[in-house]
Amino acid sequence: MGKVYVFDHPLIQHKLTYIRDVKTGTKDFRELVDEVATLMAFEITRDLPLEEVEVETPVTIAKSNVLGGKKLAIIPILRAGLGMVEGILKLIPAAKVGHVGLYRDPETLKPVEYYAKLPSDVEERDFIVVDPMLATGGSAIEAINSLKKRGAKNIKFMCLIAAPEGVEEFKVAHPDVDIFIAALDEKLNEKGYIVPGLGDAGDRMFGTK
């Protein structure tokens with residue numbers, strides 16, 4: 001069964017406060033999301049395998065560790081997920097980046113895939129799917145459906161803020177996928193917004209309405 005990890009690191013919680021703040025402008029919002037993504041990436045990569053190598057220091061030959069060659073891919077859900085990518089790449093610059101685009105069908109209100117571009121060696125990679133928000137769970141569930149139908153087997157989902165309703169829906173749909181969250185909020189309101197949340201992440205990140 002997939003696990004839910006809620007990060008309580010003081011730096012993450014501090015920056016998240018300013019991300020939530022309605023007075024935080026587009027530039028600062030974007031920078032803060034980038035910084036929190038870096039901090040979360042530090043934790044989400046904790047279980048990456050290592051292999052031992054020999055390295056010559058100025059003093060002697062030493063045995064030390066390097067990453068064990070595990071292939072990683074970051075998949076932002078368009079468009080708001082784009083704001084988390086660079087923060088993760090700061091720590092793992094060799095990761096490939098794919099994209100999944102979804103829109104909401106106005107009649108069914110279900111997410112519909114309109115774009116998907118993934119690395120060619122899907123079955124050999126570990127995937128980190130990123131989106132600032134996990135509200136109803138629909139977009140995240142559909143994005144991971146998209147990866148799985150193309151052969152992805154090892155997937156993690158990372159977001160800044162989640163609603164309990166979305167987490168429960170996600171766990172039912174993808175019980176094999178771990179969820180990494182900076183904050184688990186109170187609830188969804190009648191419009192499907194997370195409370196207290198941070199508003200519309202895409203609009204705040206890109207300065208649109």
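**Entry 1: the annotated domain**

I began with UniProt, where an unreviewed entry lists residues 6-208 for "domain: Phosphoribosyltransferase". I kept in mind that UniProt positions are given in the numbering used here, that feature names are shortened, and that annotations may be inferred rather than shown by experiment. This is a predicted model, in which local features need pLDDT of at least 70, side-chain atom pairs count only at pLDDT 80 or more, and totals for chains, interfaces and linings use all residues. Residues are numbered from 1 along each chain as its sequence is written, and side-chain values use heavy atoms, with hydrogens and water left out.

Over residues 6-208 I noted 33% helix and 33% strand, with the end C-alpha atoms 29 Å apart. Helices (H or I, at least four residues) and strands (E, at least two) are DSSP runs, numbered from the N terminus.

**Entry 2: the largest pocket**

Next I looked for open space. A pocket is an open set of points on a 1 Å grid over the protein atoms alone, where a 1.4 Å probe fits, with protein on both sides within 12 Å along at least five of seven lines; lining residues have an atom within 4 Å of a point. The largest pocket holds about 830 Å³, a volume being the space filled by probe spheres set on the points, which are joined across faces, edges and corners.

I found 28 residues in its lining, and Arg104, Asp131, Met133, Ala135 and Ser139 lie nearest the centre. Two or more lining residues come from each of S4, strand S6 (99-104), strand S9 (133-134), helix H4 (138-149) and H6. By class, the lining has 15 nonpolar, seven polar and six charged residues. Here Ala, Val, Leu, Ile, Met, Phe, Trp, Tyr, Cys and Pro count as nonpolar, Asp, Glu, Lys and Arg as charged, and the others, Gly among them, as polar.

**Entry 3: the listed binding site**

Which residues does UniProt list for "binding site"? The unreviewed entry gives Ile194, Gly199, Asp200 and Ala201. I checked them against the largest pocket, and its lining includes Ile194, Gly199, Asp200 and Ala201.

Glycine 199 sits in the loop between S13 and H6, and aspartate 200 lies in that loop too. Glycine 199 is partly exposed because its relative accessible area is 34%; the class runs between buried, under 20%, and exposed, over 50% (1.4 Å probe, protein chains only). Aspartate 200 also counts as partly exposed, at 32% relative accessibility.

I then listed contacts (heavy atoms within 4.5 Å), leaving out neighbours up to four places away in sequence. Glycine 199 is in contact with Met133 and Tyr193, while aspartate 200 touches Arg79 and Tyr193.

**Entry 4: two cis peptide bonds**

Arg79 made me look at its backbone. A cis peptide bond joins leucine 78 and arginine 79, with omega about 5°. Arginine 79 lies in the loop between strand S4 (71-78) and helix H3 (82-89).

The bond from valine 195 to proline 196 is cis as well, with omega near 0°. Proline 196 is in the loop between strand S13 (194-195) and helix H6 (201-206).

**Entry 5: the second largest pocket**

I put its volume at about 240 Å³. Of its 15 lining residues, Asp47, Asp126, Asn154, Ile155 and Lys156 lie nearest the centre. Strand S8 (125-130) and strand S10 (154-162) each supply at least two lining residues.

**Entry 6: a hairpin**

Last, I followed strand S2 (residues 50-56) and strand S3 (residues 61-67), which pair in the antiparallel sense over seven bridges; pairing takes at least two bridges found by DSSP. S2 and S3 form a hairpin with four residues between them.
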